[in-house]
Structures are given as C-alpha cells and as structure tokens.
Amino acid sequence: MSDKIINDIKSGKYDRKKLENLYLNAKRLNHTDLIPIIKESLKELDSSSYSKRFVKPIRDKIKEIATEIAESEHWGNWENNKVGNGVKPGGEMLTGKFLAEFYFSYKHESWKKSSYLAVFQREENSSVGYSVQAHNQEQVTVYSSEEAIKLFHSTIKT
C-alpha cells in the first residue's frame, strides 16, 4: 500500500488538502516511511502551507525560548543599551542558513561591539542551540540554556 501511495504522491495525484490529510494520517498511524515524502511534496506544491505547518511552529518555539530567557533574567530592556532592546530575528534565519534564530543584544557605551545571546535551530530535526558573543571575544555555541545564560552573564559585566 505504501508503494502505491508513494508513487501517487510523486506523480502529483494529491492536492495540498489531500497531502495535509495524508500527512496527518501517516503521522497518526506511524507510517514514518511516508512522512518525509509527503512533506517534500507539500513543500514543492505549496511552500506557504508547508511553512505554516512545519516552519512557523519551530520559529515560534525558538522566539519563545529567547523571550523567556530575556524576561527571566531581566535582559532585553536595558536603559543604557546602545543597540535596540528586545528579541529580534537573527541574520542566519533571514539569510536562510538557519531555520529559526532569535536574539537579544546589549552594548555598553564604552564597547566597540555589542554582546548577544541567540537561540537557534538549524533544521527541522536538529537540536536547539545557543550562540553567545561577547563584545570582545569570539562567538561560543552551546546546547544548554543554562550554559548560555551563564556565558551571557559574564559577557555583559562592565
């Protein structure tokens, strides 16, 4: 049965709505062999629907993590910040290198560069990562929010 469905998918027999229903059923019935083929076909057929279903939830999750870190540590709304406050979309996401990236940054008036903490996810099935860049050091990538928070604490000490 799976071979017939795969051939039907590849031949373009299904429209967007049928592909979305097929995806839900494949997921519910644990037909893991069909899921990547359905997703790829949906991406080719209607990239907007694909993004809404698969990319937007990941981006929302990454933004939420960055926002929770900023709020819990009282970061992202500094009075003397020389760069914009708040959580912002990252350049790696905007250029397509990462699926999702959001960051917040701080720059003291005596610094030439800003310090930032970014939360990212490179691809759909990859782990969440954290990049911390001190104004006077190289970027460090870690895969634990606790470690990222500790690193960023040390970067913003003036």
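Student: Is Tyr23 buried or exposed?
Tutor: In this predicted model, Tyr23 counts as buried, because its relative accessibility is 8%, and the cut-off for buried is under 20%.

Student: And Phe54, buried or exposed?
Tutor: Phe54 also has 8% relative accessibility, so Phe54 counts as buried.

Student: How many aromatic pairs are there?
Tutor: The count comes to 11 aromatic pairs. One of them joins Tyr23 and Phe54, with ring centres 5.0 Å apart and planes at 85°.

Student: Why is that pair of Tyr23 and Phe54 edge-to-face?
Tutor: The planes of Tyr23 and Phe54 stand at 85°, and an angle over 60 degrees counts as edge-to-face, so the pair is assigned to that class.

Student: Which parts does the pair of Tyr23 and Phe54 tie together?
Tutor: Tyr23 belongs to helix H2 (residues 16-28), whereas Phe54 belongs to helix H4 (residues 47-72). The pair therefore ties together parts that are 31 residues apart in sequence.

Student: What sits over the ring of Phe54?
Tutor: The charged end of Lys39 does, at 4.7 Å from the centre of the Phe54 ring.

Student: What about Phe98 and Phe120, how far apart are they centre to centre?
Tutor: Phe98 and Phe120 are 4.8 Å apart centre to centre, with 25° between the planes, and this aromatic pair is stacked.

Student: Where do Phe98 and Phe120 lie?
Tutor: Phe98 is in the loop between helix H5 (91-94) and strand E2 (100-106), while Phe120 is in strand E3 (residues 115-121). The pair thus connects parts that are 22 residues apart in sequence. Phe98 is buried, with a relative accessible area of 8%, and Phe120 counts as buried at 1% relative accessibility.

Student: Which residues form one aromatic cluster?
Tutor: The cluster is formed by Trp75, Trp78, Phe104, Tyr106, Trp111 and Phe152.

Student: Changing topic: how many salt bridges does a search of the whole structure find?
Tutor: The search finds eight salt bridges. One of them is between Asp8 and Lys4, whose closest N and O atoms are 2.9 Å apart.

Student: How are Asp8 and Lys4 placed in helix H1?
Tutor: Asp8 and Lys4 are four residues apart in helix H1 (residues 2-10), so about one helical turn separates them. Asp8 counts as buried at 13% relative accessibility, whereas Lys4 counts as partly exposed at 47%.

Student: Which residues are linked in a network of salt bridges?
Tutor: The network links Arg16, Glu20, Asp46 and Arg53.

Methods:
Residues numbered from 1 in each chain as written. Predicted model: local features only at pLDDT ≥ 70, side-chain atom pairs only at ≥ 80, totals over all residues. Heavy atoms only, no water. Phe/Tyr/Trp six-rings, centres within 6.5 Å; stacked < 30°, edge-to-face > 60°. Helix = DSSP H or I, 4+ residues; strand = E, 2+ residues; numbered from the N terminus. Buried < 20%, exposed > 50% of the residue type's maximum accessible area, 1.4 Å probe, protein only. Lys NZ or Arg CZ within 6 Å of the ring centre and 35° of its normal. Salt bridge = Lys/Arg side-chain N within 4 Å of Asp/Glu carboxyl O.
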